[in-house]
Amino acid sequence: MDNAQKYLTLYNKLAEERLQRFSETYPYIRSWEELQQSHTSECKQDYSAKRLSDKSTLPKALSTCLRIEGPSVELFGFYQAFNTQDCQMLNDVIFQSTRQRLLSSAITAGGTDHSSFYDDIVAAFACNDFKIIQSFAPADLPFCKYPYYNAPALNLITSLYYQDSAKQTEALALAAKFLKKKLPVLDAAVINFLVALMQGDSNRASEALQQASLGFARSRVYGALEKCFALELHGLYNFARYVDPEVFAQIRVPTGAGFSTSFAEWQRDNAYVTGKLFYQYPPERELMNLILTAKLPQVTLIEHKKNSFFQDEPAFLSRLIDTIVPIA
């Protein structure tokens with residue numbers, strides 16, 4: 001698998017540095033045994049299904065579970081997938097980790113609109129989980145209006161996904177306005193790629209995706225581990241296949257360390273299978289299993305002033321609890 005050895009070398013280095021400084025490798029776990037042990041050492045509280053009997057403490061329990069469980073499980077999942085050269089596992093790790101991050105973000109958005117979900121929605125596309133957009137960027141939400149590239153990018157994605165021609169026209173106009181700014185290479189390339197996809201221009205889309213690969217490698221937003229596997233690039237590439245297979249067939253695979261050609265080929269050879277959960281939490285953390293397998297609620301917005309919206313986190317959390325309790 002492309003870049004696997006680089007990822008493993010960096011990961012082991014971070015684990016050893018952590019071990020020397022703090023006498024533990026957490027969160028850079030390197031075995032299933034360590035992962036199991038971390039569930040007893042991270043948090044002494046009980047997060048089994050018994051917590052569902054007390055709805056007054058359930059909101060805090062869900063928030064805590066999503067916050068503390070995600071990072072170490074995600075890091076270990078990527079480490080294990082690269083270590084075993086297992087593309088199926090990598091596909092599943094992407095599915096579980098993006099779902100966890102989206103759920104966590106939806107209850108701790110901090111005064112933003114749904115543009116904050118862009119990174120994780122596109123990351124979910126990397127494992128062919130396209131239905132996720134229906135929960136975190138539903139068709140009835142207004143366009144994102146935040147000043148960063150994730151807003152026009154998500155506007156283009158949603159108008160393409162829902163095949164809304166009126167919104168596509170508006171999204172193109174907003175994208176053209178945004179591209180007049182002085183932008184980082186990655187930001188401009190992503191918008192150009194989505195515009196080209198909407199216009200059916202495979203050559204421009206190929207050039208933009210290659211520019212995105214170069215911009216990703218230079219970006220200061222991503223750390224060294226993240227740069228070994230470009231979730232955003234894989235997600236955009238897969239999204240092209242989902243919305244326009246004919247154009248996708250003509251898009252050139254980008255070169256660069258962050259894009260794994262072998263993973264893309266595995267997905268092609270396996271009919272672009274959607275990922276699934278790769279790890280089941282032990283009984284004392286059963287609440288996390290219930291969260292990850294629950295039917296996803298839809299994000300809603302609050303208009304705090306005219307034409308300005310932010311996420312309604314309490315409403316999302318309440319609906320998430322309502323879907324979990326009947327399962328248990």
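This is a predicted model: local features need pLDDT of at least 70, side-chain atom pairs count only at pLDDT 80 or more; totals for chains, interfaces and linings use all residues.
Is asparagine 128 buried or exposed? The points below take up this residue after the overall form of the model.

1. The protein contains 15 helices and two strands.

2. Overall dimensions. The radius of gyration is 20 Å, which agrees with the value near 20 Å for a compact globule of 328 residues. Along the principal axes, the C-alpha trace spans about 55 × 50 × 35 Å.

3. Of the 328 residues in the protein, 54% are buried. Among contacts with a separation of 6 or more, 73% are made by residues 24 or more positions apart.

4. Asparagine 128. To return to the opening question, asparagine 128 is buried, because its relative accessible area of 4% falls under the 20% limit. The residue belongs to the loop between helix 5 (118–125) and helix 6 (133–136). Its phi is positive, at about 65°, although asparagine 128 is not a glycine.

5. Tyrosine 272. A positive phi of about 50° is also found at tyrosine 272, again a residue that is not a glycine. Tyrosine 272 is placed in the loop between helix 13 and helix 14 (286–293). With a relative accessibility of 18%, tyrosine 272 counts as buried, because the limit is under 20%.

6. The cis peptide bond. The bond from tyrosine 26 to proline 27 is cis, with omega near 10°. Proline 27 sits in the loop between helix 1 (4–22) and helix 2 (32–41).

7. Aromatic pairs. The structure holds 25 aromatic pairs. One of them joins phenylalanine 263 and tryptophan 266, with 6.2 Å from centre to centre and 10° between the planes. This pair is classed as stacked because planes under 30 degrees apart receive that label. Both residues lie in helix 13 (residues 261–269), three residues apart, which is about one turn of the helix.

8. Which relative accessible areas do phenylalanine 263 and tryptophan 266 have? Phenylalanine 263 has 0% and is buried. Tryptophan 266 has 17% and is likewise buried.

9. The aromatic cluster. Phenylalanine 263 and tryptophan 266 also belong to one aromatic cluster, together with Tyr7, Tyr11, Tyr28, Phe78, Tyr79, Phe82 and Phe229.

10. Asparagine 155. Which residues does asparagine 155 touch, not counting residues up to four places away in sequence? They are Phe143, Cys144, Ala171 and Leu174. Asparagine 155 itself is part of helix 7 (residues 150–161). Its relative accessible area is 3%, so asparagine 155 counts as buried.

Definitions and conventions. Residues are numbered from 1 along each chain as its sequence is written. Side-chain values use heavy atoms; hydrogens and water are left out. Helices (H or I, at least four residues) and strands (E, at least two) are DSSP runs, numbered from the N terminus. The radius of gyration is taken over C-alpha atoms; the globule rule is 2.2 Å times the number of residues to the power 0.38. Buried means under 20% relative accessible area, exposed over 50%, partly exposed in between (1.4 Å probe, protein chains only). Contact means heavy atoms within 4.5 Å. Rings of Phe, Tyr and Trp (its six-membered ring) pair if their centres lie within 6.5 Å; planes under 30 degrees apart count as stacked, over 60 as edge-to-face and the rest as tilted.
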